[in-house]
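Reader: Please take me through the labels used for this model. I want each one set against its cut-off.

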Amino acid sequence: MAYLAPAEFVTKMIDAGESKVFMSNRDTLIRAYMAGAILALAAAFAITVTVQTGQPLAGAILFPVGFCLLYLLGFDLLTGVFTLVPLALIDKRPGVTMSGVLRNWGLVFVGNFAGALSVALMMSIIFTYGFTVEPNIVGQKIGTIGEGRTVGYAAHGAAGMLTLFIRGVLCNWMVSTGVVGAMVSTNVTGKVVAMWMPIMLFFYMGFEHSIVNMYLFPSGLMLGGNFSIYDYMVWNEIPTVIGNLVGGLAFVGLTLYSTHIRTAPKRSAY
């Protein structure tokens, strides 16, 4: 069967969340590292396409290749575990505790950041020939993005912070829809199509994704962007993480769980 009914894929969501709670520290970190690295490479690719073609839509259309690859390979993004892991707690799966949920989130955050930072360093070396020349045109664009999406928000004060938060909410509404999309089909083509559409939407609309930003902003700092680590953390990463949590859990995880779980067959992931 190529398509799973909502009652079936909601159970798969809960099972996936449960399995992540009990995953070893080692496996959680490795999978998160690889997810952060692959998504960072996809972001670098999409920006390169956008700069070279002058067409932001072209970059947005191609960016989801990284997201699809990392989920087909079984790697984990913070945005995804924000949505899936709490469902195992809400569903009262045996052994699932709040501390287990927070442990998973913390490890995935660290792994995603390490992976994205590794790619940020490697791509910055490429853009500057090992920091011996000024950044090329793509590197300059990344520095501009970092400025606009930190001090650009700060210039508007509370209104800027609200805008940043809402962009984080809308981002993970779409990204987590893509995560669920990978579960609605049992073949690769169906999974890719279901993931591709919402990921393309979030990227083109300029919503704030905490893991993409783990690549963009450290890269911007390395490439001469006119903002600080404080600007990055306070005026982007922290509010984006909170917005991503709210967007994924409230608008995807809880909505699907609340309306479909009554008809879903309960089963353990083990």
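Author: Start with the salt bridges. Asp15, Glu18, Asp91 and Arg93 are linked in a network of them. This is a predicted model: local features need pLDDT of at least 70, side-chain atom pairs count only at pLDDT 80 or more, and totals for chains, interfaces and linings use all residues. Residues are numbered from 1 along each chain as its sequence is written, and side-chain values use heavy atoms, with hydrogens and water left out.

Reader: What makes Asp15 and Arg93 a salt bridge?

Author: The test is a side-chain nitrogen of Lys or Arg within 4 Å of a carboxyl oxygen of Asp or Glu. Asp15 and Arg93 meet at 2.8 Å, N to O, so the pair qualifies. Asp15 is in helix 1 (residues 6-21) and Arg93 in the loop between helix 5 (78-90) and helix 6, 78 residues apart. Helices are DSSP runs of H or I, at least four residues, numbered from the N terminus.

Reader: What distance separates Arg93 and Glu18, N to O?

Author: Their side chains meet in a salt bridge at 2.5 Å. Arg93 lies in that loop and Glu18 in helix 1, so the pair ties together parts 75 residues apart in sequence. Arg93 and Glu18 are buried.

Reader: Why is Arg26 called exposed?

Author: Its relative accessible area is 58%. Exposed means over 50%, buried under 20%, partly exposed in between (1.4 Å probe, protein chains only). So Arg26 counts as exposed.

Reader: Why is Asp27 called partly exposed?

Author: Asp27 has 25% relative accessibility, so it falls in the middle class. The side chains of Arg26 and Asp27 also meet in a salt bridge, at 2.7 Å, N to O.

How values were computed
Helices (H or I, at least four residues) and strands (E, at least two) are DSSP runs, numbered from the N terminus.
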